Amino acid sequence: MRSGSETASTPTSTVSDPHLSMIRRVHPRTPNGCEECLLLGTEWVHLRLCLTCGHVGCCDSSPLRHARAHAHAAGHPIVRSFEPGESWRWCYVDEQYV
Ligand SMILES: [Zn+2]
Ligand SMILES: [Zn+2]
Ligand SMILES: [Zn+2]
């Protein structure tokens with residue numbers, strides 16, 4: 001029997017960030033966009049999902065950077081990209097991909 005299929009290459013990180021322990025099974029609280037921007041009526045560029053509580057915030061390229069603000073205000077450093085097709089994670093404390 002031939003099994004020529006290679007395991008799909010999932011981007012795995014080599015770093016082991018201590019904040020990864022804060023990751024919970026979350027559901028996006030505002031799947032339609034940045035929670036604060038939806039309230040304020042402001043624009044965002046990309047979205048980040050807080051992996052501790054499910055907060056959806058906008059990225060550092062967005063004018064108001066709500067994902068970063070949430071990470072520091074709530075103490076939830078680990079986010080995941082909320083963009084379709086993107087699955088990387090980022091730690092706002094260590095400023096690195098995790
Ligand atoms: Zn970290
Ligand atoms: Zn925002
Ligand atoms: Zn959070």
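Author: His72 and Ala73 are exposed on one side of helix H2, in what is a predicted model, while on the other side of this helix, which covers residues 66-74, the residues His66, Ala67, His70 and Ala71 are buried. The word buried is used here for a residue that has 20 or more other C-beta atoms within 10 Å of its own, and exposed for one that has 12 or fewer. Viewed down the axis of H2, the buried residues fall within an arc of 140°, and they therefore line one face of the helix. An α-helix has 3.6 residues a turn, so residues three or four places apart point the same way.

As for what covers these buried residues of H2, the cover includes helix H1 (35-40) together with the strands E1, E2 and E3. H2 lies across E1 (47-50), E2 and E3, and runs at about 125° to E2. These strands belong to an open sheet of 5 strands with antiparallel pairing, in the order E2-E1-E3-E4-E5. Strand E2 (56-58) and strand E5 (96-97) stand at the edges of that sheet, and because each has a single partner strand, one side of each is left without a neighbour in the sheet. Strand E3, at residues 78-81, pairs with strand E4, at residues 89-91, in the antiparallel sense over 3 bridges, and Ile78 stands opposite Cys91 in E4.

Returning to the helix itself, H2 is followed by Gly75, a residue whose phi is positive, near 70°.

How values were computed. Residues are numbered from 1 along each chain as its sequence is written. Chains are lettered from A and ligands numbered from 1 in the order in which they are written. This is a predicted model: local features need pLDDT of at least 70, side-chain atom pairs count only at pLDDT 80 or more; totals for chains, interfaces and linings use all residues. Two strands pair if DSSP finds at least two bridges between them. Helices (H or I, at least four residues) and strands (E, at least two) are DSSP runs, numbered from the N terminus. Two residues are in contact if their C-beta atoms, placed from the backbone, lie within 7 Å. Axes are lines fitted to C-alpha atoms, for helices over the stretch in contact, and angles run from 0 to 180 degrees between N-to-C directions. The arc is that of the directions from the helix axis to the C-beta atoms.
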